[in-house]
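Reader: I have a structure open and I'm new to it. Can we walk through it together?
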Amino acid sequence: MVRILQIDTSPRYEYSHSRTLAQEFMEKWSSHHSETQIFHRDLGLNPVPYIDATWVSAIG
């Protein structure tokens, strides 16, 4: 089974060319490979938090 991780990072959302291109690719891929699992991460909407002193002390 094929697994694909699609990561979007552009903060431009609907005006982003890379988001549009990636979405079109995934739709076409999925139509030919129905067994594919697609995982999507949107770092524009849900950015990874920075590691800071508070975070380090919380896990330490």
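Reader: Let's start with Gln 6. Buried or exposed?
Author: Gln 6 is buried. This is a predicted model. The relative accessibility of Gln 6 is 7%, and buried means under 20%, so Gln 6 counts as buried.

Reader: Where is Gln 6 found?
Author: In strand 1, which covers residues 3-8.

Reader: Which residues does Gln 6 touch, leaving out those up to four places away in sequence?
Author: Ala 22, Gln 23 and Met 26, and also Phe 39, His 40 and Arg 41.

Reader: And what does the side chain of Gln 6 make a polar contact with?
Author: With the side chain of Asp 8, at 3.5 Å.

Reader: Okay, Asp 8. Which side chain does Asp 8 meet in a salt bridge?
Author: The side chain of Arg 19. The N to O distance is 3.7 Å. This pair links distant parts of the chain: Asp 8 sits in strand 1, and Arg 19 sits in helix 1, residues 17-32. They are 11 residues apart.

Reader: Why can side chains like that pair?
Author: Because opposite charges can pair when the charged atoms come close.

Reader: Are Asp 8 and Arg 19 buried or exposed?
Author: Both are buried. For Arg 19 the relative accessible area is 11%, which is under 20%, so Arg 19 counts as buried.

Reader: How many salt bridges does the structure hold?
Author: Two.

Reader: What about Arg 19 and Asp 42? How do their side chains meet?
Author: In a salt bridge, at 2.8 Å from N to O. This pair also links distant parts of the chain, with Arg 19 in helix 1 and Asp 42 in strand 2, residues 37-42. Here the two residues are 23 apart.

Reader: Why does Asp 42 count as buried?
Author: Because its relative accessible area is 9%, and the cut-off for buried is under 20%.

Reader: So what links Asp 8, Arg 19 and Asp 42?
Author: A network of salt bridges. Arg 19 pairs with Asp 8, and Arg 19 also pairs with Asp 42.

Reader: New topic: the surface. Which residues make the nonpolar patch?
Author: Ile 51, Trp 55, Val 56 and Ile 59. The patch is about 430 Å².

Reader: Pick Val 56. Where does Val 56 lie?
Author: In helix 2, residues 53-59.

Reader: And why is Val 56 called partly exposed?
Author: Its relative accessible area is 44%.

Terms used. Residues are numbered from 1 along each chain as its sequence is written. This is a predicted model: local features need pLDDT of at least 70, side-chain atom pairs count only at pLDDT 80 or more; totals for chains, interfaces and linings use all residues. Side-chain values use heavy atoms; hydrogens and water are left out. Helices (H or I, at least four residues) and strands (E, at least two) are DSSP runs, numbered from the N terminus. Buried means under 20% relative accessible area, exposed over 50%, partly exposed in between (1.4 Å probe, protein chains only). A polar contact is a pair of N or O atoms within 3.5 Å; within protein, one must be able to donate a hydrogen and the other to accept it, and residues adjacent in sequence count only if both atoms are side-chain atoms. Contact means heavy atoms within 4.5 Å. Patches are made of residues with over 30% relative accessible area and no salt bridge: like charges are joined within 9 Å, nonpolar side chains (Val, Leu, Ile, Met, Phe, Trp, Tyr) within 5 Å. Accessible areas come from the Shrake-Rupley method with a 1.4 Å probe; for residues, only the protein chains shown count as cover. A salt bridge is a side-chain nitrogen of Lys or Arg within 4 Å of a carboxyl oxygen of Asp or Glu.
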